[in-house]
Amino acid sequence: MNLEQLLSSLTERHVQLWAEGQQLRVRAKEGVVDATLRSALVEHKPRLLELLQQARGAPESIRLEPLPRNGPPPLSLTQERLWRAEVREPDLAPAHIATFAMRLEGPLNRDALTRAVATLVERHEVLRTTFELRGDTPVQVIAPPGSTAMEPVDLCALDAEAQQEALRRLLHDEHRRRIDLARGPLFRAWLLLLSEQRHVMVLMMHHTVVDGASRGALVHELTVLYAAFLAGEPCPFAPLRLQYADYARWQRRWVQEEVLPRQLGYWKQQLAAPPPRLEWPTRSKGMEQRRYHGGSVDFSVEHEVVERLRVVGQQAGSTLFMVLLSSLYVLLARACGQRDLLIGTPAAHRGHTDLEPLVGTFINTLALRLRPEGAPSFLELLAHARAVALGAYAHPDVPPEAIGGPTPNVMLVLKGVAPQPELSALEATPLALAHDTALLDLTLYLEETPTGLRGELIHDSDRIDADTVTGWARELQALLRAFAEDPRQSVFPHPHRHPQRNP
């Protein structure tokens, strides 16, 4: 893995690096830094340290300090964007809810788990934050630590089928319930009691307080706290020096003074004369008012195919993400007859290593604009996608509202192999949850597993029907196998069927 591929992989896996003297420090979710990545970090350590030393004048080299609380803190830019979107479109609210559910088998200490959840909420102010309008400006309202309880739901009297239906109904009803951002709570927890040895823990979080990148950190803290309380020990974590409200204040100044002067010009050029939004071949007629109702289609990609694709990427100086981005582009270009496409992907760059212990909403969406010339082979398309992705990675911090123009209605999300959560003496298994909301028209969610890739195509069911998405899942599988076998083939093999490039 060369240095450029390493830097791309670190960005795509949301790994943070910093230097302490001649020591290279790494912070990432458990399981993200695998043997291949670790070996590449060792190989390129001297150059990485040199690059980090050159960045000493960047904000990462300055220790952040808690800001005085002289009045309610402002919203972060992401929080304000989400808040304003819900004010404009109240029906959007359910699509801003993220749910994590975990089946727990074994002897659960309910008091220790309840205390662990309460400690999480006490440690992280953002989990007890709501939003209030002061004049024309929304502000954060942080409630004092209180008796946050995990809500118990006793289902022991029901048979297994009825328990599953009760769980499904709870998730559906709570997900569809509109949360008042001014009243909250925006973070809630339930413990479903199925029997003495069987439970389901459900965490429900609004995107304004916890994003996908923070969710893993939240679950990790929960497992550590549970183990400590089970053993009769105190909270093992030091008090947080900074809180999310400190980040919100710092971010606004940092974006204005540091980010926009250095990064905005790139995006203005990249997104000038933007392409039209994708028109779907099966869009429902007469459904102009969005309801954000969603569905999903699951599929998988075999390990052998994934490894061949990884080799194709490495030989072209690209990452697996770039290979998958190129493949998704081909699928959409063929399906919609459009060559100039915007595909979004999340970036979790927080801007400063002091912010790593925090949970909150830090995600920014990068708009990757693919518009290859002529009739490219897959390798030529991959080179184009690589250049686009590297350009975006080098300019990750500009918020969409500063750029203006259209935002992607398609998203690509790739996650590394997720470690299994561990709760002392319990078998903990994350539950796959059905998607009944969709924030965008189409999201391709891919997760690396020991057996290959697990994929989901999440779609707005009012805009793209389930049969069409099912067909796209099969076609994407076929494309990935074909490009793994012969990456030199043309991506548009029939000239008379080439999508027309937008003028």
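Biologist: How many aromatic pairs are there?
Modeller: The count comes to eight aromatic pairs, and keep in mind throughout that this is a predicted model. One of the pairs is tyrosine 244 with tyrosine 247.

Biologist: How do the rings of tyrosine 244 and tyrosine 247 sit, and why is the pair called tilted?
Modeller: Their centres are 5.2 Å apart and their planes meet at 50°. An angle under 30 degrees would count as stacked and one over 60 as edge-to-face, so the pair falls into the remaining class, tilted.

Biologist: Where are tyrosine 244 and tyrosine 247 in the chain?
Modeller: Both belong to helix H8, which covers residues 244-270. They are three residues apart there, so about one helical turn separates them.

Biologist: What about tyrosine 266 and tryptophan 267?
Modeller: Tyrosine 266 and tryptophan 267 make an edge-to-face pair, with 5.0 Å from centre to centre and 80° between the planes. Tyrosine 266 is buried, as is tryptophan 267.

Biologist: Which residues form an aromatic cluster?
Modeller: One cluster is made of Tyr244, Tyr247, Trp250, Trp254 and Phe362.

Biologist: Nice. Which ring does arginine 115 lie over?
Modeller: Arginine 115 lies over the face of phenylalanine 229, at 3.8 Å from the ring centre.

Biologist: What lines the largest cavity?
Modeller: Its lining has 16 residues, and those nearest the centre are Tyr247, Gln251, Phe362, Asn364 and Asp397. Tyr247 and Phe362 are also members of the aromatic cluster.

Biologist: Which elements give two or more residues to the lining of the largest cavity?
Modeller: Helix H4 (77-88) and H8 do. The largest share comes from H8, with four residues. By class, the lining of this cavity has ten nonpolar, four polar and two charged residues.

Biologist: And what lines the second largest cavity?
Modeller: Among its lining residues are Pro275, Pro276, Arg277, Leu278, Pro406, Pro408 and Asn409. The lining divides into seven nonpolar, three polar and one charged.

Biologist: Where is asparagine 409, then?
Modeller: Asparagine 409 is in the loop between helix H12 (400-403) and E12. Its relative accessibility is 5%, and the cut-off for buried is under 20%, so asparagine 409 counts as buried.

Biologist: What does asparagine 409 touch, leaving out residues up to four places away in sequence?
Modeller: Asparagine 409 touches Arg277, Leu278, Trp280, Leu440, Asp441 and Leu442. Arg277 and Leu278 also line the second largest cavity.

Biologist: Which elements contribute to the lining of the second largest pocket?
Modeller: Those giving two or more residues include helix H1 (3-12), helix H2 (35-43), helix H10 (320-336), strand E12 (410-415) and strand E14 (442-449). H9 gives the most, with five residues. The lining of this pocket has nine nonpolar, eleven polar and seven charged residues.

Biologist: One more topic, strands. Is valine 141 buried, exposed or partly exposed?
Modeller: Valine 141 is partly exposed, with a relative accessible area of 27%. This residue is in strand E5 (residues 137-142). Setting aside neighbours within four places in sequence, valine 141 is in contact with Arg128, Thr129, Thr130, Glu132 and Arg134.

Biologist: How far is valine 141 from proline 72?
Modeller: They are 69 residues apart along the chain, and their C-alpha atoms are separated by 6.5 Å.

Biologist: And alanine 189, buried or exposed?
Modeller: Alanine 189 is buried, with a relative accessible area of 3%. It is found in strand E7 (residues 187-195). Beyond residues up to four places away in sequence, alanine 189 touches Val117, Ala149, Met150, Glu151, Val202 and Leu203.

Conventions:
Residues numbered from 1 in each chain as written. Predicted model: local features only at pLDDT ≥ 70, side-chain atom pairs only at ≥ 80, totals over all residues. Heavy atoms only, no water. Phe/Tyr/Trp six-rings, centres within 6.5 Å; stacked < 30°, edge-to-face > 60°. Buried < 20%, exposed > 50% of the residue type's maximum accessible area, 1.4 Å probe, protein only. Lys NZ or Arg CZ within 6 Å of the ring centre and 35° of its normal. Contact = heavy atoms within 4.5 Å. Nonpolar A, V, L, I, M, F, W, Y, C, P; charged D, E, K, R; others polar. 1 Å grid on protein atoms, 1.4 Å probe; cavity = no way out; pocket = protein on both sides within 12 Å on 5 of 7 lines; lining within 4 Å.
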